[in-house]
Amino acid sequence: MSASEGKSVSASERKSTGVNEKMSAFGIAGKRALVTGGNRNIGRAIALAFAEAGVAPVILFHQDEAAARKVCAEVAGKGVEAAMYQADLADVERLRAIVRDIDNRLGGIDILVNNAAIRPNSKISEITVEEWDGVFATNLRAPFFLCQAVLPNMVKKGWGRIVNLGGTDGYLGKPRRAHGVSAKLGLAGLTRALAVEVARFGVTVNTLVPGTIDTVRPHPEWYPGLDTGFAERKERIPMVRLGAPREVADACLFLASNLAGYTTAQELFVNGGAYPLVRQPLEEYEAADF
Ligand SMILES: NC(=O)c1ccc[n+]([C@@H]2O[C@H](COP(=O)([O-])OP(=O)(O)OC[C@H]3O[C@@H](n4cnc5c(N)ncnc54)[C@H](OP(=O)(O)O)[C@@H]3O)[C@@H](O)[C@H]2O)c1
């Protein structure tokens, strides 16, 4: 580990405003959370919501270091310590080393949020073994090995929270997302399996399932026709709007808090009342394409 890792924002840079009093009702001030993909969109909103509740977020990013630094600065502005690490989720040894480093230098992880995911848009016939394995390594294998790495300390302390980010596509399927859909539903299964195994040690494991959230998509090529798609989707959402990243983050805060002490092995949908519907791709493909 380089000296700068895990200590991106020093205590002297922090404001002394302390925890928002309303947020202290969550009962988790002083705890530390590892948030994968905490540098953007929903992950960033989760990191900021944690900071307001007095939880120190550790941001795990892949490529966008500038975004991670910005989130750390925003967290510090709320009077809470922030840290960041670079990793490719496909590299399990690197993930293990990061968890060890956080245990040794920062006192361990109380809350793990498996938020990062990739969502390539590929026809069945186009999915290669490499692409399939890449999606599973990022979206399902990494969450498991991060859980494996953080659980010993959580079990020892008799308190821990794991929140896995699911996807509505995992429930009724979605064209051109065979690997992504399979991995997301696998993550929901992993959640239930781990939850029942660790429940008696004060550790909860839940899936948080966002609906259509107003985020900036880092890979526009994975979302063809996004603008028209959003307009069409809104009409099917009873609240007639997309969700805000902060609305997903607030639900995550609840699952990570002491208010959710008896809530485990659950799937919490944050979707404006919309239930998953199978959507056809905007551009149809022919039988010959298979
Ligand atoms: N947005 C939605 O409407 C929506 C709907 C349903 C479910 N979800 C789920 O909610 C979660 C967050 O969604 P989002 O849209 O906010 O995410 P996003 O903007 O697509 O961000 C993806 C994050 O994952 C990180 N990442 C990607 N590949 C990685 C790798 N190999 N190693 C380490 N990190 C990697 C990225 O880091 P870098 O930026 O550093 O590359 C980025 O922070 C995901 O699990 C997603 O499936 C989102």
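Let me start with helix H8, where Pro245, Val248, Ala249, Ala251, Cys252, Leu253, Leu255 and Ala256 are buried. Please keep in mind throughout that what we have here is a predicted model. The buried residues of this helix pack against strands S1 (32-36), S4 (111-114), S5 (160-165), S6 (203-210) and S7 (267-270), and also against helix H1. As for its length, H8 has 12 residues, which at 1.5 Å a residue should span 16 Å, and since its end C-alpha atoms are 16 Å apart, the model agrees with that expectation.

Within H8, which covers residues 245-256, I would like to pick out valine 248. Why do we call valine 248 buried? Because 27 other C-beta atoms lie within 10 Å, and the cut-off for a buried residue is 20 or more. Setting aside its neighbours within four places in sequence, valine 248 is in contact with Ile42, Ala45, Leu208, Pro210, Ile213, Gly243 and Val270.

In general, nonpolar side chains in soluble globular proteins tend to be buried together.

Stepping back to the whole chain, we find 8 helices and 7 strands, and buried residues make up 39% of the 290 residues. Of the contacts with a separation of 6 or more, 77% are between residues 24 or more positions apart.

Turning to the ligand, there are 28 residues around it, and those that come nearest are Gly37, Asn41, His62, Ala116 and Ala117. By class, this shell has 12 nonpolar, 13 polar and 3 charged residues, and its largest share, 3 residues, comes from helix H1 (residues 41-52).

Finally, a word on confidence: the mean pLDDT of the chain is 90, and 87% of its residues reach 70 or more. Where pLDDT is low, the predicted coordinates should not be read in detail.

Notes: Residues numbered from 1 in each chain as written. Predicted model: local features only at pLDDT ≥ 70, side-chain atom pairs only at ≥ 80, totals over all residues. Near = placed C-beta within 6 Å. Helix = DSSP H or I, 4+ residues; strand = E, 2+ residues; numbered from the N terminus. Nonpolar A, V, L, I, M, F, W, Y, C, P; charged D, E, K, R; others polar. pLDDT = per-residue confidence, 0-100. Buried ≥ 20, exposed ≤ 12 C-beta atoms within 10 Å, placed from the backbone. Contact = placed C-beta atoms within 7 Å. Expected span 1.5 Å × (residues − 1).
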